[in-house]
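Subject: Structure handover and findings

Dear colleague,

Please find below the structure for your files. My findings come after it, and I would be grateful if you read them alongside the coordinates.

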Amino acid sequence: MDAEAIALVVDEPIDGHFYWVLQKQDGASCRPIDAAEGPMPTYGAAMMAGIAALQRRADARGPCAAARSVPVVTAFVNRDADCGPATLH
């Protein structure tokens, strides 16, 4: 694994409670460097929130000031076929 690589992991410690975690390689193991503050209702929602967190980290490291103005995602539309009509969370 690249020393600068960050892995995005989605965990479901309790049924229906999904959390994203950003992990960095630390020797032979991985250590968490950022994580969700609360549970998300679906795996997909947690994955998308984790990707947004990963993108914010990348933007903060980049040289372009415009990239730092990327808005933080605070809601999502759940279009999961199993959940019925689309709902805003």
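The notes below cover conventions, overall architecture, the sheet, the helix and a few individual residues.

Conventions

This is a predicted model, in which local features need pLDDT of at least 70 and side-chain atom pairs count only at pLDDT 80 or more, whereas totals for chains, interfaces and linings use all residues. Residues are numbered from 1 along each chain as its sequence is written, and side-chain values use heavy atoms, with hydrogens and water left out.

Overall architecture

The protein has one helix and five strands, arranged along the sequence as β-β-β-α-β-β. Helices (H or I, at least four residues) and strands (E, at least two) are DSSP runs, numbered from the N terminus. Buried residues make up 19% of the 89 residues; buried means under 20% relative accessible area, exposed over 50%, and partly exposed in between (1.4 Å probe, protein chains only). The exposed surface comes to about 6,100 Å², of which carbon and sulfur atoms supply 57%. Accessible areas come from the Shrake-Rupley method with a 1.4 Å probe, and for residues only the protein chains shown count as cover. Of the contacts (heavy atoms within 4.5 Å) with a separation of 6 or more, 29% are between residues 24 or more positions apart.

Three strands form an open antiparallel sheet in the order 1-2-3. Strand 1 and strand 3 stand at the edges with a single partner strand each, so one side of each is left without a neighbour in the sheet. On average, neighbouring strands of this sheet are turned by 45° against each other, direction ignored. Two strands count as paired if DSSP finds at least two bridges between them.

Strand 1 (residues 6-14) and strand 2 (residues 17-26) run antiparallel and are joined by seven bridges. Leucine 8 has leucine 22 of strand 2 as its bridge partner, and valine 9 stands opposite valine 21. The hairpin of these strands has two residues between them, and glycine 16 takes a positive phi near 80° there.

Strand 2 pairs with strand 3 (residues 29-35) over six bridges, also in the antiparallel sense. Here valine 21 has alanine 35 as its bridge partner, and lysine 24 stands opposite arginine 31. This hairpin, too, has two residues between the strands, with glycine 27 at a positive phi near 70°.

The helix

Helix 1 lies across strand 1, strand 2 and strand 3, running at about 40° to strand 2. Axes are lines fitted to C-alpha atoms, for helices over the stretch in contact, and angles run from 0 to 180 degrees between N-to-C directions.

Which residues of helix 1 are buried? They are Ala45, Ala46, Gly50, Ala52, Ala53 and Asp59. These buried residues pack against strand 1, strand 2 and strand 3. Isoleucine 51 also lies in helix 1, but is partly exposed, with a relative accessible area of 40%.

The aromatic pair

Rings of Phe, Tyr and Trp (its six-membered ring) pair if their centres lie within 6.5 Å; planes under 30 degrees apart count as stacked, over 60 as edge-to-face and the rest as tilted. By this rule there is one aromatic pair. Phenylalanine 18 and tyrosine 43 form it in an edge-to-face arrangement, 6.4 Å centre to centre and with 90° between the planes. The pair links distant parts of the chain, with phenylalanine 18 in strand 2 and tyrosine 43 in helix 1 (residues 43-61), 25 residues apart. Phenylalanine 18 is buried at 12% relative accessible area, whereas tyrosine 43 is partly exposed at 45%.

Proline 39 is placed in the loop between strand 3 and helix 1 and is partly exposed, with a relative accessible area of 41%. Leaving aside neighbours within four places in sequence, proline 39 is in contact with His17, Phe18 and Tyr19. Proline 39 and aspartate 11 are 28 residues apart in sequence, and their C-alpha atoms are 9.7 Å apart.

Yours sincerely
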